[in-house]
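Please examine the sequence and the three-dimensional structure shown below. The paragraphs that follow lead from a single pair of side chains to the chain as a whole.

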Amino acid sequence: MIPQQAASRVTNVDDIESYIQTKEFDGKKYLWAIDLPVGDRKKVVRELAYMGITAGSLFPGLDGACEELAERNFEG
């Protein structure tokens, strides 16, 4: 969680997304879902890398390192 700068919360609400939507009013939104076209994958991954966000930085360890090296060195 630390490399991803994640925050966790615990709740007894069964459907938290719907509950949060009931609190949105006057044009104020708290949750967004964003779909990116698969054709933009290379561009998005490259721009994230410029910001220091890579598989290696999000998932420290062997898996993240291998994923990052594969992304850099092989067509995907």
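By about how many helical turns are Arg 72 and Glu 68 separated in helix H4? The two residues are 4 positions apart in that helix, which means that about one helical turn lies between them. This is a predicted model, in which local features need pLDDT of at least 70 and side-chain atom pairs count only at pLDDT 80 or more, while totals for chains, interfaces and linings use all residues. Residues are numbered from 1 along each chain as its sequence is written, and side-chain values use heavy atoms, with hydrogens and water left out.

The side chains of Arg 72 and Glu 68 meet in a salt bridge, with 2.5 Å from N to O. A salt bridge is defined here as a side-chain nitrogen of Lys or Arg within 4 Å of a carboxyl oxygen of Asp or Glu. The two partners differ in their surroundings. Arg 72 counts as exposed because its relative accessibility is 61%, whereas Glu 68, at 17%, counts as buried.

Helix H4, in which Glu 68 lies, comprises residues 62–73. Helices are DSSP runs of H or I with at least four residues, strands are runs of E with at least two, and both are numbered from the N terminus. Which residues does Glu 68 contact, leaving aside its neighbours within four places in sequence? They are Thr 54, Ala 55, Gly 56 and Ser 57, where contact means heavy atoms within 4.5 Å. In the case of Gly 56, the backbone nitrogen lies 3.0 Å from a polar atom of the Glu 68 side chain. By C-alpha positions, Glu 68 and Glu 47 are 14 Å apart in space and 21 residues apart in sequence.

The structure holds 2 salt bridges. Besides the pair already described, the side chains of Glu 71 and Arg 41 meet in a salt bridge, at 3.1 Å from N to O. Glu 71 belongs to helix H4 and Arg 41 to helix H2, so this pair ties together parts that are 30 residues apart in sequence. Both residues are partly exposed: Glu 71 has a relative accessibility of 29%, and Arg 41 has one of 37%. When residues up to four places away in sequence are not counted, Glu 71 touches Arg 41 and Val 45. The C-alpha atoms of Glu 71 and Ser 57 are separated by 13 Å, and these residues are 14 positions apart along the chain.

Attention now turns to the loop between H1 and H2. Helix H1 covers residues 16–22 and helix H2 covers residues 41–50, and Ile 34 lies in the loop between them. Is Ile 34 buried or exposed? Ile 34 counts as exposed because its relative accessibility is 69%. Together with Trp 32 and Leu 36, Ile 34 forms a nonpolar patch on the surface, with about 430 Å² of accessible area. Patches are made of residues with over 30% relative accessible area and no salt bridge; like charges are joined within 9 Å, and nonpolar side chains (Val, Leu, Ile, Met, Phe, Trp, Tyr) within 5 Å. Accessible areas come from the Shrake-Rupley method with a 1.4 Å probe, and for residues only the protein chains shown count as cover.

Asp 26 is also placed in the loop between H1 and H2. Its relative accessible area is 76%, so Asp 26 is exposed. Most residues other than glycine have a negative phi. The phi of Asp 26, however, is near 55°, a positive value in a residue other than glycine.

Finally, the chain may be considered as a whole. It has 4 helices and 0 strands, and its elements run α-α-α-α from the N terminus on. The radius of gyration of the chain is 17 Å, well over the 11 Å that the globule rule gives for 76 residues, so the chain is more spread out than a compact globule. This radius is taken over C-alpha atoms, and the globule rule is 2.2 Å times the number of residues to the power 0.38. The C-alpha trace spans about 45 × 30 × 20 Å along its principal axes. Of the 76 residues, 7% count as buried. The accessible surface of the chain comes to about 7100 Å², and 57% of it belongs to carbon and sulfur atoms.

Terms used. Buried means under 20% relative accessible area, exposed over 50%, partly exposed in between (1.4 Å probe, protein chains only). A polar contact is a pair of N or O atoms within 3.5 Å; within protein, one must be able to donate a hydrogen and the other to accept it, and residues adjacent in sequence count only if both atoms are side-chain atoms.
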